[in-house]
Structure formats: structure tokens, C-alpha cells
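Please read the following report alongside the sequence and the model. It begins with one chain, moves to the contact between chains, and ends with individual residues.

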Amino acid sequence: MTVISEWLIVIFLLFGSFLSLVAAFGLIRLPDVYTRNHAASKSATLGVMSILLAAFLYFYFIEGHFSSRILLGIAFIFITAPVAGHLISRAAYNSGVKLWEKSVRDDLQYKKKEREH
Amino acid sequence: MAFQILLNFFLAFLWMFLQVSFTSTTFFVGYLIGLIVIYGMRRFFSTRFYMHRVYAVIYLTMLFFKELIMANIDVLKVVLQPKLAIKPGIFALETELESDWEITLLANLITLTPGTLVVDVSDDNKTLYIHAIDIADVQDSIESIKNTFEKAIMEVSR
């Protein structure tokens, strides 16, 4: 039982840190604020969640301590991270940040023009 | 919905008083018996038997986690492939959902879906503007969002 849980902890930790690394790499590599937001809001969410889950499993199986605060933390991140991503991209669009020049379609510009008229 | 849950709690407490045993086990047994009673009396309620809705909520949560993992694999592929062959863009999605919390839930689901991110919601709550990281198959993604997420949310709120 302890061996299985140890392996689970290791897998979750490595997976979470790998995802966070990919999120950071995506922030450097992707061209504009919206595509960067994709990497940040998805990979960072799951990365932090699995690191927290590994911490929870460690304290539960190895130390025998049930930490409900970590579970609450997972739930809060799960709810708030997509909202934060949405708000950042919305604020960027409304303050006039351009899409990447290779973007092919922009339905939102019609709405903006309507509003200005 | 809320009335049925309250009634179920009341029946469980009634069972505890009948048994004169105030433990969580007795409460649980009473709750199960109350569930059976409410299921038997379901045609006297104006709304559906509430366990349907509990099941729908659990299904929606599972869908949330599945989409989150798929989205991460997707981002992984885009970021780690050597050539940046993506065509980003913003497309509009008409939604049939009405109340505010349904639209919030749909926007959250879309943000955690592979390759899509909600940028703006129109003022009349009818249209969501979604930034897609690879817009080649817009029609497909609209279809899949409509078929899976909207349906699952409606199943909860109906």
C-alpha cells in the first residue's frame, strides 16, 4: 500500500511540475497575449492541481494527517483559474491589444464597431 | 428540488427519533429509507425526483476533469512541436442558455476545453466570443460544445 502511494505521489509531482514547465515554455514561445493565455490558464491549472494532490496524498498516507485545506485549495484553483484567464484576455481585447498577424478570423471586431457608432 | 432534499432530511430525523438512536449510521439508514419513500411518492411533486439532478451534477464534474486533461495534452502538443503551425482567431457562438450561472458555467467549461478561451460575452447574454488556438475546424468545435456542454448544463438546470 505504501509503495503504491509513494509511486502515486512521485507521478503526480513529476506530472505537475512538467506541466508547469510547459506552461512557462508556452509563455515564452507563443506569439500573442491570447495564445499565451491558453497555455497559462490550462497547463498551470492542472499542474498546480496535481502538485497539490501529491502534497495531499503525502500527508495522508505517509504522515497520516487528513488535510482538508489542500482539497479546498484544489477546488478554489479549479473554479478561479479559468475566470482569471477570461478576464485577462477580455481586458486585453477591450484595451486594443492586436491579435497575432497570422490570425485568420475575428468576429468580435464587428461588435466593437457597433458599439462605437 | 430544495424542498425534496429538506423533506428527505426531515424523514431521516424522524427515523432517528423513532429508533431513539442519534448516530450518523442511523441518520444514513433513515436518509436511504426516506429516499425510497420520496421515490415512491414522486408523482406528487411538481419537479423531477432530485437524484436525477444529483447524477447530472456528478456527470458534469467528471466532464470538467476529462476536458481539463484533454486541453492540457492539446496545449502540450502546440507548445512542444518544432514549427508553430497554428491559425488563431475569434469566433462567435450562439448559446441557448439563459440564466447567469448557466452562462458562467459554460464559459468556464469552454475555457478549460482543448484550444478554446472565452474572450467576451455579448450584452444580451446570447453570444459568446471565443478565441480558438487553431480555428481550422470552427464548425466542429461549435458542434461539439453544443452537443456535450450545453446539453450537460441543461440536464442540470432543467
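How many helices and strands are there in chain A? Chain A has four helices and one strand, where helices (H or I, at least four residues) and strands (E, at least two) are DSSP runs numbered from the N terminus. Along the sequence these elements follow the pattern α-α-α-β-α.

This is a predicted model, in which local features need pLDDT of at least 70 and side-chain atom pairs count only at pLDDT 80 or more, while totals for chains, interfaces and linings use all residues. Residues are numbered from 1 along each chain as its sequence is written, chains are lettered from A and ligands numbered from 1 in the order in which they are written, and side-chain values use heavy atoms, with hydrogens and water left out.

Chain A has 117 residues, of which 37% count as buried; buried means under 20% relative accessible area, exposed over 50%, and partly exposed in between (1.4 Å probe, protein chains only). Among the contacts in chain A with a separation of 6 or more, 62% come from residues 24 or more positions apart, a contact being heavy atoms within 4.5 Å.

**The interface**

Where chain B and chain A touch, 41 residues of chain B and 38 residues of chain A take part. Together the two chains bury about 3400 Å², with 70% of it on carbon and sulfur atoms; this buried area is the accessible area (1.4 Å probe) that two parts lose on being put together, summed over both. On the side of chain B, the residues that lose the most area to chain A are V79(B), I90(B) and L117(B), which together make up 17% of what that side buries.

Between chain B and chain A there are five residue pairs in polar contact, both residues being at pLDDT 80 or more. A polar contact is a pair of N or O atoms within 3.5 Å; within protein, one must be able to donate a hydrogen and the other to accept it, and residues adjacent in sequence count only if both atoms are side-chain atoms. Helix 3 (50-80), strand 1 (89-94), helix 4 (100-111), strand 2 (116-121) and strand 3 (127-132) of chain B each supply at least two residues of the side that touches chain A, and helix 3 of chain B gives the most, with 11 residues. By type, the residues on this side of chain B are 27 nonpolar, 10 polar and four charged, with Ala, Val, Leu, Ile, Met, Phe, Trp, Tyr, Cys and Pro counted as nonpolar, Asp, Glu, Lys and Arg as charged, and the others, Gly among them, as polar.

**Salt bridges**

Side chains of opposite charge can pair when their charged atoms come close. The whole structure holds two salt bridges over all chains, each defined as a side-chain nitrogen of Lys or Arg within 4 Å of a carboxyl oxygen of Asp or Glu. Because D120(B) lies in strand 2 of chain B and R90(A) in helix 3 (residues 68-94) of chain A, their pair joins two chains.

| Salt bridge | Distance, N to O |
|---|---|
| D120(B) and R90(A) | 2.5 Å |
| E67(B) and K66(B) | 3.8 Å |

D120(B) is buried at 3% relative accessibility, whereas R90(A) is partly exposed at 31%. In the other pair, E67(B) is buried at 10% relative accessibility, while K66(B) is partly exposed at 47%.

**Residues in helices**

Helix 2 of chain A contains H38(A), a residue that is buried with a relative accessible area of 1%. Not counting residues up to four places away in sequence, H38(A) touches S43(A) and several residues of chain B, including V75(B), L117(B) and H131(B). S41(A) also lies in helix 2 of chain A and is buried, at 5% relative accessible area. Leaving aside neighbours within four places in sequence, S41(A) is in contact with G85(A), T111(B), L112(B) and L117(B).

In chain B, helix 2 (residues 24-40) has 17 residues and should span 24 Å at 1.5 Å a residue, which agrees with the 24 Å between its end C-alpha atoms; the expected span is 1.5 Å times one less than the number of residues. Its buried residues are T26(B), G30(B), Y31(B), G34(B), L35(B) and I38(B), and the buried residues of this helix pack against helix 1 (2-19) and helix 3 of chain B.
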